[in-house]
Amino acid sequence: FVQPSTRELILDRGLAIWLDSDVATLVSRVTRNDNRPLLRGGDPVEIVTRLKTERESAYAEAPIKVMSNSGPHSETVNRILQELAEWLSSRSS
């Protein structure tokens, strides 16, 4: 979604939902395994903070934004469904 051509295609043909999280939650998630090339050789908090800042303007183009946290996945799913319902309702008005 960060690449302009990919973002344009998604926004033209689909519906993007930005699942945002605070840095602590993101770091907790991405450091669970060592398969993250962008995190190799550096401080995960610094790298995640920098990437989040660099990418936010692209992600902000998604028409729906939902905050995700370390709670149960079902809570995030319910927030997604609620935001999606509100978005669909606003488009049909």
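Is Trp 18 buried or exposed, and what is its relative accessible area? Trp 18 is buried, at 11% relative accessible area; buried means under 20%, exposed over 50% and partly exposed in between, using a 1.4 Å probe and protein chains only.

A word on the ground rules. This is a predicted model, where local features need pLDDT of at least 70 and side-chain atom pairs count only at pLDDT 80 or more, while totals for chains, interfaces and linings use all residues. Residues are numbered from 1 along each chain as its sequence is written, and side-chain values use heavy atoms, leaving out hydrogens and water.

**The overall layout**

The chain has 4 helices and 2 strands, in the order α-β-α-α-β-α from the N terminus. Helices (H or I, at least four residues) and strands (E, at least two) are DSSP runs, numbered from the N terminus. The C-alpha trace spans about 50 × 35 × 20 Å along its principal axes. Of the 93 residues, 20% count as buried. Among contacts (heavy atoms within 4.5 Å) between residues at least 6 apart in sequence, 60% join residues at least 24 apart.

Asp 20 stands opposite Met 67 in strand 2. In strand 2 (residues 64-67), Ile 64 and Val 66 make up the covered face, with Lys 65 and Met 67 on the uncovered one.

Helix 3 (residues 44-59) has a kink of about 30 degrees centred on Thr 53. The bend at a residue is the angle between axes fitted to the seven residues ending there and the seven starting there. Ile 47, Val 48, Leu 51, Lys 52 and Ala 58 are buried in this helix, and its buried residues pack against helix 1 (4-13), strand 1 and helix 2.

**Around Trp 18**

There is 1 aromatic pair, by a rule that takes rings of Phe, Tyr and Trp (its six-membered ring) with centres within 6.5 Å, and calls planes under 30 degrees apart stacked, over 60 edge-to-face and the rest tilted. The ring centres of Trp 18 and Tyr 59 are 6.0 Å apart and their planes stand at 50 degrees, so this pair is tilted. Because Trp 18 lies in strand 1 and Tyr 59 in helix 3, the pair ties together parts 41 residues apart in sequence.

Lys 65 lies over the face of Trp 18, 4.4 Å from the ring centre. A charge sits over a ring if NZ of Lys or CZ of Arg is within 6 Å of the ring centre and within 35 degrees of the ring normal. Not counting residues up to four places away in sequence, Lys 65 touches Trp 18, Asp 20 and Glu 83. Its side chain makes a polar contact with that of Asp 20 at 3.3 Å; such a contact is a pair of N or O atoms within 3.5 Å, and within protein one must be able to donate a hydrogen and the other to accept it, with residues adjacent in sequence counting only if both atoms are side-chain atoms.

Here are some accessibilities side by side:

| Residue | Relative accessible area | Class |
|---|---|---|
| Trp 18 | 11% | buried |
| Ser 21 | 1% | buried |
| Tyr 59 | 24% | partly exposed |
| Lys 65 | 41% | partly exposed |

**Ser 21**

Ser 21 sits in the loop between strand 1 (17-20) and helix 2 (23-30). Its side chain reaches the backbone oxygen of Ser 68 at 3.0 Å. Leaving aside neighbours within four places in sequence, Ser 21 is in contact with Leu 26, Arg 29, Lys 52, Met 67 and Ser 68.

Key
Two strands pair if DSSP finds at least two bridges between them.
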